[in-house]
Amino acid sequence: MVEEDILNEIKGRAGGEVMVNEMMLRHTTLRVGGPAEVFVEPVDLPAFRKLVSWARTMGIVTRVIGSGSNILVPDEGIKGITIRLSSPSFRMIGVRGDEMLCGAGARISDLVKYCIEKGMGGLEFLAAIPGTVGGAVAMNAGAWGRDIAGVIRGVTVVHADGSVSRIGRDGLAFGYRKCSIPRGEFIVSATFGVSCRRSGEIREEVAGHAAERRRRFPEGPSAGSIFKNPPGDYAGRMIEAAGLKGETCGRAQISTVHANFIVNLGGARAVDVLRLIEMAGEAVQRMFSVELEPEIDILSEVTA
Ligand SMILES: Cc1cc2nc3c(=O)[nH]c(=O)nc-3n(C[C@H](O)[C@H](O)[C@H](O)COP(=O)(O)OP(=O)(O)OC[C@H]3O[C@@H](n4cnc5c(N)ncnc54)[C@H](O)[C@@H]3O)c2cc1C
């Protein structure tokens, strides 16, 4: 139970929406997750900075999520302040010369649309990847052999004490679905290198990627790939070979279309999803002596 005066302090700083015990299943693409103790959509950057620095002095955990397309939230919920940068001031997208400047809360789908509109190529690979710019940078999102690391020019980050800094490409390191920005530091905007290209060509490539994704990936609520592919192999192929394609636990299922996806058949709980993750990991370990590493961010109740 959040005390009234703490809640007022949060409201005073955030300016925007503040919700108590907001069910996270409403904010994740898997449609799974218990209540966020406090869920906040700060109105702008100064409000966000004030909120983060105050929470630190109070010892309250803060975390930022995007579209929730790569997270698993426990059924018990998450303590502290969960922040979504969804107000208009975090969603701007603009182009200057050969650089695309985006707020962290901008949707990838809006960015790709904007690129088509402006005739700016280079980000076509992001087509139909769900999520926000902030989430894409944090996860080094990618497809078709390309990723954020290959196009990013820099980010603006809010540190835990509320200070802001700009980090250029040289100050960033990326790996397979990871980036060097530590937890507790938050991306508020990012710039990407782009180049002029005919809108029709971009549109065609984007449509091709989207069609291919529809063909390969299951429909329905999911969090995309559950595991990272191990070197030289595919997690989906290994899970399928281990006989777990279609396996269910409660209302969660290892997809019958792509075994590296877990889908929510309606009413799945995080504990069901976790059990399937465990089963798949153990089966692959037994059969291939390979330890699969989760790609999704499995949140815990008390930490960021
Ligand atoms: C159907 C489907 C298909 C997918 N296909 C792909 C694919 O082809 N390639 C791929 O790479 N991914 C894929 N994904 C996964 C997902 O879409 C990406 O990882 C996406 O970039 C996550 O963005 P998000 O805004 O939803 O982040 P969230 O899921 O909300 O968050 C992911 C992580 O990023 C952190 N984060 C979010 N915003 C910020 C911020 N502003 N500052 C600091 N940290 C932040 C969160 O704390 C969390 O740790 C797929 C997902 C689905 C559901």
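This is a predicted model: local features need pLDDT of at least 70, side-chain atom pairs count only at pLDDT 80 or more; totals for chains, interfaces and linings use all residues.
The strands E11 (residues 152-158) and E15 run antiparallel, and six bridges join them.

Both strands belong to an open sheet of five strands, whose order is E6-E7-E15-E11-E12 and whose pairing is antiparallel. At the edges of this sheet are strand E6 (93-96) and strand E12 (164-168), each of which pairs on one side only. If direction is ignored, neighbouring strands here are turned against each other by 20 degrees on average. Helix H3 (residues 108-118) lies across E6, strand E7 (99-103) and E15, and runs at about 40 degrees to E6.

## The four-stranded sheet

A further open sheet is formed by four strands in the order E1-E2-E5-E3, and its pairing is mixed. Strand E1 (17-23) and E3 stand at the edges with a single partner strand each, so one side of each strand is left without a neighbour in the sheet. From one strand to the next, the twist averages 30 degrees. Strand E3 and strand E5 (residues 78-84) run parallel and are joined by four bridges; Arg63, for instance, has Thr82 in E5 as its bridge partner.

Two helices can be described together with this sheet. Helix H2 (residues 45-58) packs on the sheet, where it touches E2, E3 and E5, and its direction makes about 160 degrees with that of E5. Helix H1 (residues 4-14) lies across E1, strand E2 (35-41) and E5, and runs at about 130 degrees to E1.

## The surroundings of the ligand

Around the ligand there are 30 residues, of which Ser69, Thr132, Gly142, Arg213 and Asp297 come nearest. Sorted by class, this shell has 13 nonpolar, 13 polar and four charged residues.

A polar backbone atom of Ser67 is 2.9 Å from an oxygen atom of the ligand, while a backbone N or O atom of Ile187 lies 2.9 Å from a ligand nitrogen atom. For Gly135, a backbone N or O atom lies 3.5 Å from a nitrogen atom of the ligand. On its own the ligand has 970 Å² of accessible area, and the protein covers 90% of this. The elements that give two or more residues to the shell are strand E3 (62-65), helix H4 (133-138), strand E15 (186-193) and strand E17 (222-225). Helix H4 provides the largest share, with four residues.

Note on methods
Residues are numbered from 1 along each chain as its sequence is written. Side-chain values use heavy atoms; hydrogens and water are left out. A residue is near a molecule or strand if one of its heavy atoms lies within 4 Å of it. A polar contact is a pair of N or O atoms within 3.5 Å; within protein, one must be able to donate a hydrogen and the other to accept it, and residues adjacent in sequence count only if both atoms are side-chain atoms. Accessible areas come from the Shrake-Rupley method with a 1.4 Å probe; for residues, only the protein chains shown count as cover. Ala, Val, Leu, Ile, Met, Phe, Trp, Tyr, Cys and Pro count as nonpolar, Asp, Glu, Lys and Arg as charged, and the others, Gly among them, as polar. Two strands pair if DSSP finds at least two bridges between them. Axes are lines fitted to C-alpha atoms, for helices over the stretch in contact, and angles run from 0 to 180 degrees between N-to-C directions. Contact means heavy atoms within 4.5 Å.
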